[in-house]
Amino acid sequence: MIQVTSLEDTILHKTYLYISYLKAFFNNDKPGNGFDLKGKVLADDFLQKKAEPHTEGARISNPELKLSNANRLNLSEEKVKRLSEIIAEINSRTGKSYDEDVAATALLQIRDLLKKNPDLARSARNNRLEDFKMVYDDKIDDALVEGLDQNKDFYTMLLNQPDMKHELMDMFLSDVYTSFGALEVR
């Protein structure tokens with residue numbers, strides 16, 4: 001990897017050097033069996049205290065799985081409020097009723113695609129924010145097309161592969177069930 005990258009990418013080179021030294025330090029001759037850290041990592045001044053024992057009846061586990069809404073994920077309250085206002089305005093202008101969570105998820109996907117763009121990374125390292133914005137604006141359409149292509153392809157695959165669709169969507173069964181007020185998974 002280091003042979004084919006630009007010498008300007010100092011972060012990648014530093015990461016490569018760090019991982020090379022770390023790998024040599026562990027010297028794992030048998031991959032897949034884990035690392036033998038005996039004598040390589042020390043834990044000193046380590047104290048473990050026993051807490052009071054549990055004397056009451058058996059504990060009943062009642063775990064609750066809640067997936068965070070995309071509009072809350074990595075967004076400040078100010079951004080959530082602004083997003084709500086923009087979605088409401090779009091809905092009133094177009095006569096549509098876009099769901100705020102769905103729109104937020106789509107926007108976060110576009111944001112993540114932009115964060116992976118090497119041209120944007122290079123521009124951010126070499127320019128001020130004002131100059132970076134020009135490159136950023138040019139790359140938005142590319143990210144939108146890429147996101148649309150990925151989603152369309154993925155959704156089409158799910159529609160055409162019922163076994164895969166059910167395997168993936170069964171992960172959300174109990175979450176959807178409990179979101180409608182069911183107290184526990186029966």
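Colleague: Which residues does S123 touch, not counting residues up to four places away in sequence?

Modeller: S123 touches F132 and V135, where contact means heavy atoms within 4.5 Å. This is a predicted model, in which local features need pLDDT of at least 70, side-chain atom pairs count only at pLDDT 80 or more, and totals for chains, interfaces and linings use all residues. Residues are numbered from 1 along each chain as its sequence is written, and side-chain values use heavy atoms, with hydrogens and water left out.

Colleague: Why does S123 count as buried?

Modeller: Buried means under 20% relative accessible area, exposed over 50%, and partly exposed in between (1.4 Å probe, protein chains only). S123 has 7% relative accessibility and therefore counts as buried. Its place is in helix α4; helices (H or I, at least four residues) and strands (E, at least two) are DSSP runs, numbered from the N terminus.

Colleague: How do you know that the span of α5 agrees with its number of residues?

Modeller: The expected span is 1.5 Å times one less than the number of residues. Helix α5 has 32 residues (129–160), so it should span 46 Å; its end C-alpha atoms are 44 Å apart, which agrees.

Colleague: Which residues of α5 are buried, and what covers them?

Modeller: The buried residues of α5 are F132, K139, A143, G147 and L158. Their cover includes α3 (100–115), α4 (118–126) and α6 (162–169).

Colleague: How many helices and strands does the protein have?

Modeller: There are 7 helices and 0 strands.
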